[in-house]
Amino acid sequence: MTRRCLPAVRPVLAAALLLLAAACGRTDLSELEVGDRIVIPSITGVDAEKIKIVGSSTVSPFATTVAEQFGAVTKWPTPVVETTGTGGGFKAFCLGAGPSEPSISDASRPIKQTERALCAANGVNDPAEFRVGYDGIVIANSKAGPDFDITKAELYRALAKDLPDGQGGFVPNPYKSWSEVSPSLPDEPILVFGPPPTSGTRDAFVELGMEHGALDDPQMSALSDLDETAFLQRAHTIRTDGAWIDFGENDAAVVQALTKTPAAIGILGFSFLEQNSDRVKAGLLSGVPPDFVHIKDGDYGLSRMLYIYVKRENLGFVPGIAEFVEEFVSDGAMGPDGYLLDKGLIPLTEEDRATEQARAAALKAASEN
């Protein structure tokens with residue numbers, strides 16, 4: 001394999017990020033970008049009656065839009081929305097019940113059994129799940145950068161920490177440039193600005209992308225049959241040598257970084273691509289673009305469902321929760337002509353919307369008893 005060294009002159013932003021990460025001995029930059037790490041403030045006084053929402057950076061813009069609408073047209077105050085990442089949101093959501101605790105958790109993946117167990121241990125039983133739409137995970141880069149058409153197998157080979165050696169063992173990932181992974185890819189260094197481990201976007205990316213891509217490798221496929229736990233550990237572990245930079249829970253910062261670093265790519269939600277299409281573009285996944293139709297139909301291989309989870313115990317503590325949920329799942333918000341589509345949400349089918357609306361009505365009825 002012919003290896004190409006990184007160019008001597010790197011864009012200023014990428015170089016600064018990599019040097020700072022190296023100095024800190026890590027690749028997680030969540031504490032280095034202002035606003036990336038969200039600290040949930042204690043709730044006292046005037047905020048005590050407000051609905052508190054935590055969770056996914058992907059769902060947060062939609063929740064914020066609904067919150068603003070809800071506060072403007074109803075008798076209840078505008079809910080407080082904090083971006084913590086899906087995993088961080090569930091941790092905060094599951095700490096307990098009461099007016100000072102979050103009542104809703106946004107999520108870009110389903111809640112895990114371990115998170116349900118944490119909730120139950122703290123008196124939060126059977127959170128109500130609502131599907132609110134679809135999203136796609138986008139391989140994005142600057143409009144000034146090269147075009148990408150990549151497969152899941154190539155994503156795995158480029159980003160896994162260790163790769164099969166063909167003899168039953170593993171070696172550290174040797175690839176330095178995309179063209180080393182495949183001659184069809186750009187002759188540029190592998191540099192990815194991605195979400196941190198607390199992010200549902202990262203969970204979905206490794207599960208839908210890297211895990212599926214790993215199965216194309218015969219040794220990994222055999223490992224999957226023999227020891228699924230070991231396979232998942234290998235397939236989901238992203239390299240830590242500087243090729244992937246954890247960028248915190250701030251997709252807007254990723255977009256800004258991409259515009260200053262044309263050779264880099266970023267892992268983003270479709271909604272952020274829609275809102276920044278003048279600055280960044282999306283790569284193809286096995287020839288399929290991440291657009292409204294292909295994500296909704298499931299043809300785009302990194303499509304996913306978005307959720308909100310509601311703490312039933314807080315229905316008696318915080319006014320307006322059930323009504324907020326009804327607004328979120330209404331046709332006016334997430335329907336085919338709803339105001340959330342302007343923010344990049346891809347709507348559920350008519351049948352699925354009706355199901356979620358019936359669940360919201362049941363939640364409201366329960367809150368009135």
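A disulfide is a pair of cysteine sulfur atoms within 2.5 Å. The model is predicted, and local features need pLDDT of at least 70, side-chain atom pairs pLDDT 80 or more, whereas totals for chains, interfaces and linings use all residues. Residues are numbered from 1 along each chain as its sequence is written, and side-chain values use heavy atoms, without hydrogens and water.

**View A. The disulfide of C94 and C119.** The count of disulfides is one. The sulfur atoms of C94 and C119 are 1.9 Å apart. The torsion about their S-S bond is about -65 degrees, so the disulfide is left-handed. C94 is buried (under 20% relative accessible area, with over 50% exposed and partly exposed in between; 1.4 Å probe, protein chains only), at a relative accessible area of 0%. C119 is also buried, at 0%.

**View B. The aromatic pair of F148 and W178.** Rings of Phe, Tyr and Trp (its six-membered ring) pair if their centres lie within 6.5 Å; planes under 30 degrees apart are stacked, over 60 edge-to-face and the rest tilted. The count is eight aromatic pairs. In F148 and W178 the ring centres are 5.4 Å apart and the planes at 80 degrees, so the pair is edge-to-face. F148 is buried at 5% relative accessibility, and W178 is buried at 0%.

**View C. Charges over the rings of F170 and F93.** Here NZ of Lys or CZ of Arg is within 6 Å of the ring centre and within 35 degrees of the ring normal. The charged end of R234 lies 3.9 Å from the ring centre of F170. K311 sits over the face of F93, 4.8 Å from the ring centre.
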